[in-house]
Amino acid sequence: MKRLFCFLMVCVLIVACGKKEVKKETEEGRIASEIIAISEQLRVAYLKRDFDKIQQCTTPAIYRQITRYIDDYKVVDLEFKPVWVEIENKAITLNISWKGKWIKAGKDIEDRGMAIFEFSGQPLKVSKISRANPFEYK
């Protein structure tokens, strides 16, 4: 009887601990992960003043917008927190909460805001920045 009970317990444990079905990532999930990664690459490239990487992540108009004032600041600290991804038809947007600090000629500028990055093209690139643009400080 004791052996039968142990055998049943082992069988139950084997069945209970078996492999569960792994859900495949959806297309929307893949796109969301990709645009969050692109925004992080853009943030790091901006901090390092890596113009080639900024160009890879943006359209020509946004590249000019981001790099226009980049040399005005000696030190930049910028944090991004992705808040919301919206994918409707071909419109892909990422809402980002940001916090930044810029040092220019001994003057500290601190600010925070919410920006909306719009993505388009293949490969995806930032094609528009709405609301409080974290890259524009004069």
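## A pair in a helix

In which helix do Glu-27 and Arg-30 both lie, and how many residues apart are they? Both residues belong to helix H2, three residues apart, which is about one turn of the helix. Keep in mind as you look around that this is a predicted model.

Glu-27 and Arg-30 form a salt bridge, and their closest N and O atoms are 2.6 Å apart. Glu-27 is partly exposed at 45% relative accessibility, and Arg-30 is partly exposed at 36%.

The whole structure holds four salt bridges. Another one links Arg-43 with Glu-40, again with 2.6 Å between the closest N and O atoms. These two residues also sit in helix H2, three residues apart. Arg-43 counts as buried because its relative accessibility is 16%, under the 20% cut-off. Glu-40, at 32%, is partly exposed.

Asp-108 pairs with Lys-101, and here the closest N and O atoms are 3.7 Å apart. Salt bridges with shared partners also join Glu-27, Arg-30 and Glu-34 into one network.

Now follow the backbone. The peptide bond from Gln-122 to Pro-123 is cis, with omega near 5 degrees. You can find Pro-123 in the loop between strand E3 (107–120) and strand E4 (125–131).

Arg-49 is not a glycine, yet its phi is positive, at about 55 degrees. Arg-49 lies in the loop between helix H2 (27–48) and helix H3 (51–57). Arg-131, in strand E4, also has a positive phi, near 65 degrees. Arg-131 is exposed, with a relative accessible area of 66%, while Arg-49 is partly exposed at 24%.

Definitions and conventions
Residues are numbered from 1 along each chain as its sequence is written. This is a predicted model: local features need pLDDT of at least 70, side-chain atom pairs count only at pLDDT 80 or more; totals for chains, interfaces and linings use all residues. Side-chain values use heavy atoms; hydrogens and water are left out. Helices (H or I, at least four residues) and strands (E, at least two) are DSSP runs, numbered from the N terminus. Buried means under 20% relative accessible area, exposed over 50%, partly exposed in between (1.4 Å probe, protein chains only). A salt bridge is a side-chain nitrogen of Lys or Arg within 4 Å of a carboxyl oxygen of Asp or Glu.
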